Amino acid sequence: MPLERVQLGLIAAIAATCIVSIFAAQVLLTLAALVFLARLVSGRTRIQRLALDGPILAFSVWTLLSASFSHDPLTSHESAKKLVLFALLYVALDSLAAERDRERVLDAALLGGLVLGAGSLIQYYFLGFDTLTNRPRSFLGHYMTASGLSMAVLVLAAARLVFRREAVM
């Protein structure tokens, strides 16, 4: 299997799992970044140039400098490791160049949203997690994150229905 397909599969898996498990999405993002790095080293791809390159670089340098001069540099640098998430932008640009690939990732995000919605209903109606004092011990315990991702999936589903290209039979 070519590395391009592996990278696309990892991006699709991130889209599906970040809705359900933040840890799984982090592991898959790391694997996708490693595959992208292998493709860069082997010369199969190159980093796409964006208008955002300058601001991203400036923000990263500023963050690392401010972390270095803070009153607790170790803690500040620990927080600054989130800058690695900017790699997701470049991995996604490389993976989602073809429309067919974008559709596959959107399908994965919708599938993840379906799983999240089903899990929410099961935990609310059948397991009794229906108050703030009785919260689920999973990703759904982060109500603001889970509700934000559910809203994003609903908007994605509505946009796909409204802006569908082929005729519905």
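Predicted model: local features only at pLDDT ≥ 70, side-chain atom pairs only at ≥ 80, totals over all residues.
Local features need pLDDT of at least 70 and side-chain atom pairs count only at pLDDT 80 or more, while totals for chains, interfaces and linings use all residues. Residues are numbered from 1 along each chain as its sequence is written, and side-chain values use heavy atoms, leaving out hydrogens and water.

**Exercise 1.** Work out where Asp53 lies and what its side chain reaches.

Start with the helix: Asp53 belongs to helix 3, residues 53-68 (helices are DSSP runs of H or I, at least four residues, numbered from the N terminus). Next, Asp53 counts as buried because its relative accessibility is 18% (buried means under 20% relative accessible area, with a 1.4 Å probe and protein chains only). Then look at the side chain: one of its polar atoms lies 3.0 Å from the backbone nitrogen of Leu50. Finally, not counting residues up to four places away in sequence, Asp53 touches Gln48 and Tyr90 (heavy atoms within 4.5 Å).

**Exercise 2.** Decide whether Ser60 is buried or exposed, and find its partners.

Ser60 is also in helix 3. With 16% relative accessibility, Ser60 counts as buried. Its side chain reaches the backbone oxygen of Ile56 at 2.9 Å. Beyond four places in sequence, Ser60 contacts Leu83 and Phe86.

**Exercise 3.** Find the residues that touch the most other members of the largest nonpolar core.

This core has 20 residues, and the answer is Ile11, Ile14, Ala32 and Val105 (a nonpolar core is a set of buried Ala, Val, Leu, Ile, Met, Phe, Trp, Tyr and Cys residues joined through side-chain atoms within 4.5 Å). Helix 1 gives the largest share, 7 residues.

Terms used
Helix = DSSP H or I, 4+ residues; strand = E, 2+ residues; numbered from the N terminus. Buried < 20%, exposed > 50% of the residue type's maximum accessible area, 1.4 Å probe, protein only. Polar contact = N/O pair within 3.5 Å; in protein donor to acceptor, adjacent residues only side chain to side chain.
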